[in-house]
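Visitor: I have a protein model to look at and would like to be walked through it. Please show it first.

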Amino acid sequence: MKNRNFKLFIVLTILWVGCQSCLQFRKSDKKQLKVLSILPEEFTIDIGHKSALGRDIHFTHISSSKGLPLAIFIHGSPGSSSNFLHFGTDTALLNNYDILLLDRPGFGYSDFGNSEPSILRQADFLNEIVAQFSAKEKVLIGHSLGGPIIANMAMKKPEEYKGLLILAGSVSPELEPEENWRKPLNSPLVRWIIPKSFCVSNQEILPAKEELLKMEEYWDQIIADVQIIQGEEDKLVPAGNANYAKDKLVSAGNVEMFILPKEDHFIPFTKPKLVTEALLRF
């Protein structure tokens, strides 16, 4: 019996470790380079870390020698820069943009597992990183929780960004769901059991409504052109978030909203050509 219990313990441990590993939503630098190895020699691929206000932020920078605008991709929750690697091999996009893929704090290789619950603080970290790249024109792309983060980045540094592309962005505090199961999920015992990526995600979603409320009075600081793409069938971020953003963008340049009748939350992965087309419209 003892031997059987020990074997069961070993099996469960292996399954737990495997689960932790598989649900990290990230690719190592080596694997990222393998994906990007198809690029012509004219492109420089720089993968590394930059320190921002005490946080180590991991990035993948794909650039040519043409002095192109910089497209900065900010992932959702959970996720990592690896989610957007396919844009790093998109020829149509690379002819018009250099690309910067960022791991948000706590995800990917940016202090993985060490969360930063505040959307506003995350925006500060990422703004500090983006400022270290010298492109004359910069465009922000934010998916899901990345949507309010890029909005806050542009609120704080309105002159820094030419355009914002909000993809299924969870920007409305009124539409943030009341999910009572999230607080128990943040208890120490449960945090030990579930994958770190989900712990970090939960810890930043818990205060999301309060963080979005703090942003409400600053939407008029955004002066960039903005495109909003939202799936009508999105079960995670209600389509009303797009209307909220459009109503708030009173000082922005050209604002366009695209509601896709049959699309869900995962537009960057299911309809990547729509994202490229939107960026080319800037």
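Guide: What follows is a set of questions and answers on strands, salt bridges, surface patches and backbone angles.

Guide: This is a predicted model, in which local features need pLDDT of at least 70, side-chain atom pairs count only at pLDDT 80 or more, and totals for chains, interfaces and linings use all residues. Residues are numbered from 1 along each chain as its sequence is written, and side-chain values use heavy atoms, with hydrogens and water left out.

Visitor: How many residues of strand S3 are buried?

Guide: Helices (H or I, at least four residues) and strands (E, at least two) are DSSP runs, numbered from the N terminus. Buried means under 20% relative accessible area, exposed means over 50%, and partly exposed is in between (1.4 Å probe, protein chains only). S3 is mostly covered, and the count of its buried residues is five of five.

Visitor: Which residue of S5 is the bridge partner of Ile72?

Guide: Two strands pair if DSSP finds at least two bridges between them. S3 and S5 pair in the parallel sense over five bridges. In S5, the partner of Ile72 is Leu140.

Visitor: Why is strand S6 described as largely enclosed by the rest of the structure?

Guide: Both faces of S6 are covered, with Gly163, Leu165 and Leu167 buried on one side and Leu164 and Ile166 on the other. The strand is largely enclosed because the number of its residues that are buried is five of five.

Visitor: Which residue in S6 is the bridge partner of Gly142?

Guide: Strand S5 (residues 138–143) and S6 run parallel and are joined by five bridges. In S6, the partner of Gly142 is Ile166.

Visitor: How many residues apart in sequence are the parts tied together by Glu42 and Lys66?

Guide: A salt bridge is a side-chain nitrogen of Lys or Arg within 4 Å of a carboxyl oxygen of Asp or Glu, and the structure holds 10 of them. In the one between Glu42 and Lys66, the closest N and O atoms are 3.8 Å apart. Glu42 lies in the loop between H2 and strand S1 (44–52), and Lys66 in the loop between strand S2 (55–63) and strand S3 (70–74), so the parts that the pair ties together are apart in sequence by 24 residues.

Visitor: Is Glu211, the salt bridge partner of Lys214, buried or exposed?

Guide: The closest N and O atoms of this pair are 3.0 Å apart. Lys214 and Glu211 are three residues apart in helix H9 (residues 208–215), which means a separation of about one helical turn. Lys214 is partly exposed at 46% relative accessibility. Glu211, at 6%, counts as buried.

Visitor: What is the relative accessible area of Lys271?

Guide: Lys271 meets Glu263 in a salt bridge (3.9 Å, N to O). Glu263 is buried at 15% relative accessibility. Lys271 is partly exposed, and its relative accessible area is 35%.

Visitor: What accessible area do Leu189, Trp192 and Ile193 have together?

Guide: Patches are made of residues with over 30% relative accessible area and no salt bridge, with like charges joined within 9 Å and nonpolar side chains (Val, Leu, Ile, Met, Phe, Trp, Tyr) within 5 Å. Accessible areas come from the Shrake-Rupley method with a 1.4 Å probe, and for residues only the protein chains shown count as cover. Trp192, in helix H7 (residues 188–193), is exposed with a relative accessible area of 59%. Leu189, Trp192 and Ile193 form a nonpolar surface patch, and their area together is about 370 Å².

Visitor: What is the value of phi near which Ala168 lies?

Guide: Ala168 is found in the loop between S6 and helix H6 (182–185). Ala168 is buried, with a relative accessible area of 0%. Its phi is positive, in a residue other than glycine, and is near 50°.

Visitor: What is the omega of the cis peptide bond from Ser77 to Pro78?

Guide: Pro78 lies in the loop between S3 and helix H3 (91–94). The bond from Ser77 to Pro78 is cis, and its omega is near -5°.
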